[in-house]
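Please look over the model below before setting up any calculation on it.

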Amino acid sequence: MPADVRLPVSVAPVAGEALDGYLERLAAANGMDHPRLVNRIRAGGATTAFLTIAPDSRLLDNITTLADLPEPDDTSAHASLPGIDTHDLDPTNKRTWRNVAARGWPPERGTALCPLCLADDGVWRLAWRHPWVTACVRHRVWLLGRCPACGRRFRAHRTPLRPADAPAGLCGNPAGARGRNCPQPLDELDTEPAREAVLDSQRRIDTALAGSAVPILGVLTDPESYLAELKALTVLLLHLAIQPDGDGIAEWAHRARLDRSRSAGGQGARWGLAPPADLMLRGSALAVADAVLRAPALDTAAEALRPWTELTPPTNDGQLGWLADHTTMTPTLARLVMSATAARRRIATLLDHSPTNHCAVTAVPQVLPADLYAARMRGLLDVADRTGRLYASLCLARRHTGARTWAEAAIVLGLPAEIGVKTARACSANVVGRPDRFVSALDELAGQLDVGVDYRAREDVVRRLASRTIWCRRWARAHHRGSHTASAGYAATWLWTEYAHGHIDTSPGWPRPPDHTDRARFRRYASRLSTAATDALSGIAAASAPTRRIA
């Protein structure tokens, strides 16, 4: 039959209907086999490649003629899938698909679906193929991404339309030999309610897919920019959620770890190129990202993002370097990240400026003495005193030694680099008040340090004492009845933490790195020492290397 002869029955497309689903309805209305209809629409050299993504213009012309439709656009198949940049995709050259895939989040073969929508009208929605669509706001349920029977995405066939022998009400995915198709009834698929936050974000996404502007930080933004910002932030949140403390902020962190491991590559799934296969994970991450972008102003959005940025792992590139490496820094996201991390960066920036009066690094202990911290710093940090004392020492080391990173500051004090990074991460965002006032208080504190005390020398004294035990036996017989030689390690640790003001984990008194049980036992041991016993311990250390101790 000639290509320009209209079919007996014309079927009106439904707004938002996928082109392949419409053609199947058109074939059913005219009693045509799918292969026959495909041959008709291919007339004149038209191709069915990328049928639902970027259909060939000649194909649209043929469909318009056959179905007696007013114009090609009325087929409800747009020039491309909304939100997907297909400007350089050539339906006649399949190699051009790589141009679309390289931009990230291209539509997969096949489609997700809402069983309730399909049961209502039998229409396959184009939006179900969209990487940003994970829920049906009409029925308030999650979309189903894969058939529970065959394990594949719905409509995952290689032919332009479903197999001719696949009944309309079944999954129908090819299952081997001709005539053997997946028998899963579509009207028997179970659905699961979607959370309200997911539905809220899906409404905004649907608005963008319909071509309307969406507000970001209180400013109306064109749909393409909104989807790009949403994707970039979602990718970043996924990478942050899989960090060790991610479970405390994202209930879907375990899903993200599972999704990341689905790739055979050593680095796991590359979320910047392909979104999570798990629609619930994808929708949950999109919802969090959209909630941040939906904030009325930059400061509010940055406050919501700040707990996430605190999950950034320590790297040589620093926090901003890691964040930039794990997503595309779009204009809005760049502003958000800079604002969310400003508190930490602001402290570091001020510390990196040279103070008026320098103090020697030997006068800075690994952990600031408790009396000095209580007098000058308590109340400036919303953290435990023990952590605040360590952070104050790191700040002094960074301020007075030229160390440019927290890792370098820790090394200057003889601490492991990771202690410096972790402590700064825990404290920088918990500075109470203005950063400049914190640094001013730190400079006043530096003036109170006794420059006559060399803490590096004190550390060396304790190391030498820890290497032998005879002094401890004598001390124990005189001042600590009932102690055994094994307590020499605890005695050395007391000197390390109280005389040298060192970090408890770096004490030379430990035969191995201490755990929380070791630390608890030491604190019980120290609490039982009498004043005479501690004075005698200090005297032993002072006799080994006489120094003047901080009052």
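The points below are grouped by topic.

This is a predicted model: local features need pLDDT of at least 70, side-chain atom pairs count only at pLDDT 80 or more, and totals for chains, interfaces and linings use all residues. Residues are numbered from 1 along each chain as its sequence is written, and side-chain values use heavy atoms, with hydrogens and water left out.

**Confidence**

- The mean pLDDT (the predictor's confidence in each residue, from 0 to 100) is 87 for the protein.
- A pLDDT of 70 or more is reached by 93% of the residues.
- Residues 73-79 stay under 50 in pLDDT. The model gives this stretch 19 contacts beyond four places in sequence; contact means heavy atoms within 4.5 Å.
- Residues 547-551 also stay under 50, and the model has 19 contacts beyond four places in sequence for them.
- Where pLDDT is low, the predicted coordinates should not be read in detail.

**Val133**

- Val133 sits in the loop between helix H5 (115-121) and strand E1 (135-136). Helices (H or I, at least four residues) and strands (E, at least two) are DSSP runs, numbered from the N terminus.
- Val133 counts as buried because its relative accessibility is 4%. Buried means under 20% relative accessible area, exposed over 50%, and partly exposed in between (1.4 Å probe, protein chains only).
- Beyond four places in sequence, Val133 is in contact with Ala127, Leu143, Gln202, Asp206 and Leu209.
- Ile205 is 72 residues from Val133 in sequence, yet their C-alpha atoms are 7.4 Å apart.

**Cysteines**

- A disulfide is a covalent bond between the sulfur atoms of two cysteines.
- The rule used here asks for a pair of cysteine sulfur atoms within 2.5 Å. The count by this rule is 0 disulfides.
- Cys171 is buried at 3% relative accessibility. Cys182 is buried too, with a relative accessible area of 4%.

**Salt bridges**

- The whole structure holds 32 salt bridges. Each is a side-chain nitrogen of Lys or Arg within 4 Å of a carboxyl oxygen of Asp or Glu.
- One of them pairs Arg103 with Asp88, with the closest N and O atoms 2.8 Å apart. Arg103 lies in the loop between helix H4 (97-101) and H5, and Asp88 in the loop between helix H3 (57-66) and H4, so the pair ties together parts 15 residues apart in sequence.
- Arg103 is partly exposed at 30% relative accessibility. Asp88 is partly exposed as well, with a relative accessible area of 28%.
- Asp278 and Arg255 form a salt bridge at 2.6 Å, N to O. This pair links distant parts of the chain, 23 residues apart: Asp278 is in the loop between helix H8 (253-260) and helix H9 (279-293), and Arg255 is in helix H8.
- Asp278 is partly exposed at 24% relative accessibility, and Arg255 is partly exposed at 29%.
- Asp385 and Arg378 also form a salt bridge, their closest N and O atoms being 2.6 Å apart. Asp385 counts as partly exposed at 30% relative accessibility.
- Salt bridges with shared partners join Asp20, Glu24, Arg129, Arg155 and Arg162 into one network.
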